[in-house]
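Good morning, and thank you for coming.

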Amino acid sequence: MNKENLNLSADIPPSLRNADDALTRYGRWAMYRTAKRACGSAEGNYKAPANDDDRKPREQLMQMQEALDCQRALARVPDVERVALTILYIPQHVNGRLVPAVVQCRLLRLPPRLMQERHLRGLRMFDNLLKVIHSAPPPRSEK
């Protein structure tokens, strides 16, 4: 999480670290899922040279099924806690500019103490729902 979110987020117990990691990766996926596939050249036809070894590898986003599982679990978290999780984990943009979590909380009139409580409750709910989704058998196709 960002440094500015430290006063808004709760201390995460070890039992919820996997849920925190899943939501963090889901937030990155949500932010970068529509990444541009071509260079920003005027024609859009630029291809990087084959011997481009000096670049850093692109961060691996989560797989589609994992992202859908996180999305389903997050959708089932009650509204109050889901708002807190969304503010803390999923970057929000307005007119192409990132809106910091502190600003979102100020606009919603959510004090840090309340955000911390909702963060922890929401993370527990998300973790439980994610476990239920992962343990459920795959849906059968109707013929």
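Before the packing is discussed, one definition is required: axes are lines fitted to C-alpha atoms, for helices over the stretch in contact, and angles run from 0 to 180 degrees between N-to-C directions. This is a predicted model, in which local features need pLDDT of at least 70 and side-chain atom pairs count only at pLDDT 80 or more, while totals for chains, interfaces and linings use all residues. Residues are numbered from 1 along each chain as its sequence is written, and side-chain values use heavy atoms, with hydrogens and water left out.

Let me start with the overall layout. The chain has 5 helices and 2 strands; these are DSSP runs numbered from the N terminus, with helices being H or I of at least four residues and strands E of at least two. From the N terminus on, the order is α-α-α-β-β-α-α. Buried residues, meaning those under 20% relative accessible area, with over 50% called exposed and the range in between partly exposed (1.4 Å probe, protein chains only), make up 30% of the 143 residues. A contact means heavy atoms within 4.5 Å. Of the contacts between residues at least 6 apart in sequence, 80% join residues at least 24 apart.

I turn now to α3 and α5. At what angle do the axes of α3 and α5 cross? They cross at roughly 100° and come within 8 Å. The two helices are therefore roughly perpendicular to each other, a term that covers 65 to 115 degrees, whereas angles under 35 count as roughly parallel, over 145 as roughly antiparallel and the rest as oblique. On the α3 side the contact is made by V80, E81, A84, L85, I87, L88 and Y89; on the α5 side it is made by M115, R118, H119, R121, G122, L123, M125 and F126. The buried residues of α3 are E81, A84, L85, I87, L88 and Y89, and their cover includes α1, α2, α4 and α5.

A second pair is α2 and α5. Their axes lie 9 Å apart and the packing angle is about 130°, which makes α2 oblique to α5. In α2, the residues D69, C70, R72, A73, L74 and R76 meet F126, L129, L130, I133 and H134 in α5.

Next comes the largest nonpolar core. A nonpolar core is a set of buried Ala, Val, Leu, Ile, Met, Phe, Trp, Tyr and Cys residues joined through side-chain atoms within 4.5 Å. Which of the 29 residues in the largest one touch the most other members? They are Y26, L85, Y89, M115, L123 and F126. At least two residues of this core come from each of α1 (17–32), α2 (64–76), α3 (79–89), α4 (101–108) and α5 (112–135). The largest share, 6 residues, is supplied by α1. Leaving aside residues up to four places away in sequence, M115 touches L8, A84, I87, L88, C105 and L110.

L114 is found in helix α5 and is partly exposed, at a relative accessible area of 28%. Its C-alpha atom is 9.2 Å from that of A84, 30 residues away along the chain. Q116, also placed in helix α5, is partly exposed as well, at 26%. Not counting residues up to four places away in sequence, Q116 touches N7, L8, S9 and A10.
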